[in-house]
Amino acid sequence: MANPYDGFDAVICISLEGASEREQNMKQIAAVTGAPIEFYRACRHALGGRHGCFHSHVQVARLAYERGCENVLIFEDDVRLSPGYDPEIIRHAADFARGRTGWNMLQLGYSTLRDNTDILGPVHFMFAEKDTPHIVRYGSMLCHAYCLSRPAMRAMILAGGDHLAQPGGATAQVDAFILQIFKGGYFAVTPLQFDQKWCSASYNDSATVIGCGY
């Protein structure tokens with residue numbers, strides 16, 4: 001049987017240099033799922049975790065775009081398989097990413113909240129329009145497991161570069177920024193396939209990630 005991830009042109013995980021526990025977590029996920037994960041090594045950012053995280057997501061989009069990828073599946077290194085994980089749903093998502101046009105972001109992991117104040121998000125998600133049996137038209141917070149189309153990669157590179165060039169560097173959370181720049185074309189896989197490991201240590205309150213070598 002073909003690997004369910006074959007429809008993704010690249011599968012890239014952002015991982016902080018020296019975060020061996022998180023790297024091992026992702027290697028175990030790759031072993032269990034067959035996901036051909038490659039690591040984007042990141043190093044600590046002098047301005048803190050929010051800046052580094054933002055920069056790393058933009059740089060991964062740039063890397064995939066420059067390779068000529070039509071889509072890229074991006075992981076953060078603190079994911080875990082959700083109870084609803086199903087290789088056939090992954091295959092369905094990959095087929096969507098490869099065969100569909102007019103989309104920007106396909107989330108395989110998410111919160112139902114659009115932002116921290118969106119108390120009605122779960123209700124909106126419940127009634128979101130179904131595009132396929134396992135994909136709904138909805139975009140929400142968190143970017144620990146998501147796929148970008150090629151046009152979305154370009155939009156993220158351009159808008160992200162402008163944002164990083166502002167005095168003081170990036171100030172927005174990357175997940176909120178992504179929802180702002182695409183202005184639509186959001187989809188979410190249901191049930192969600194990847195949770196975040198909330199018990200993992202956070203780097204976001206101290207110097208954390210910035211792309212190295214790109």
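Is aspartate 131 buried, partly exposed or exposed? I looked it up: Asp131 is partly exposed, at 23% relative accessible area. My cut-offs are under 20% for buried, over 50% for exposed and partly exposed in between, with a 1.4 Å probe and protein chains only.

**Ground rules**

I am working on a predicted model, in which local features need pLDDT of at least 70, side-chain atom pairs count only at pLDDT 80 or more, and totals for chains, interfaces and linings use all residues. I number residues from 1 along each chain as its sequence is written, and side-chain values use heavy atoms, with hydrogens and water left out.

**Confidence and overall make-up**

I began with pLDDT, the predictor's confidence in each residue, from 0 to 100. The protein chain averages 84, and 82% of the residues score at least 70. I marked residues 199-214, where pLDDT stays under 50. The model still has 52 contacts beyond four places in sequence for that stretch; a contact means heavy atoms within 4.5 Å.

I noted six helices and 11 strands in the protein chain. These are DSSP runs numbered from the N terminus, helices being H or I with at least four residues and strands E with at least two. Of the 214 residues, 53% count as buried. I also looked at contacts between residues at least 6 apart in sequence: 86% of them join residues at least 24 apart.

**Salt bridges**

I found nine salt bridges in the structure, taking a side-chain nitrogen of Lys or Arg within 4 Å of a carboxyl oxygen of Asp or Glu. Back to Asp131: its partner is Arg137, with the closest N and O atoms 3.1 Å apart. Glu129 also bridges to Arg137, at 3.7 Å between the closest N and O atoms. I have Glu129 down as exposed, at 52%, and Arg137 as partly exposed, at 37%. Shared partners join Arg100, Glu129, Asp131 and Arg137 into one salt-bridge network.

I then checked Lys27 and Glu23, whose side chains meet in a salt bridge at 3.0 Å, N to O. Why are they about one helical turn apart? Because they are four residues apart in helix H1, residues 20-33. Lys27 is partly exposed at 40% relative accessibility, whereas Glu23 is buried at 17%.

**Helix H3**

The 13 residues should span 18 Å, and the end C-alpha atoms are 18 Å apart, so the two agree. Asp86 caps the N-terminal end of H3, with a side-chain oxygen 2.9 Å from the backbone nitrogen of Glu88. For my buried list in H3, I wrote down Ile89, Ile90, Arg91, Ala93, Ala94, Phe96 and Ala97.

**Cysteines**

How many disulfides does the whole structure hold? My search gave zero, with a disulfide taken as a pair of cysteine sulfur atoms within 2.5 Å. For Cys53, the closest cysteine sulfur is in Cys143, 5.7 Å away, so that pair is too far apart for a bond. Cys69 is in no disulfide either, since I find its nearest cysteine sulfur, that of Cys147, 9.9 Å away. I checked burial too: Cys53 is buried at 16% relative accessibility, and Cys69 is buried at 8%.

**Serine 140**

Where is Ser140? I found this serine in the loop between strand E7 (135-136) and strand E8 (145-149). Ser140 counts as buried, at 1% relative accessibility. Leaving aside neighbours within four places in sequence, I listed its contacts as Gln107, Tyr110, Ser111, Thr112, Leu113, Arg114 and Leu179.

**Tyrosine 65**

My last stop was Tyr65, in helix H2 (residues 49-67). At 25% relative accessibility, Tyr65 is partly exposed. Which residues does Tyr65 touch, not counting those up to four places away in sequence? I have Arg150, Met153, Arg154 and Ile157.

Technical notes
Expected span 1.5 Å × (residues − 1). Polar contact = N/O pair within 3.5 Å; in protein donor to acceptor, adjacent residues only side chain to side chain.
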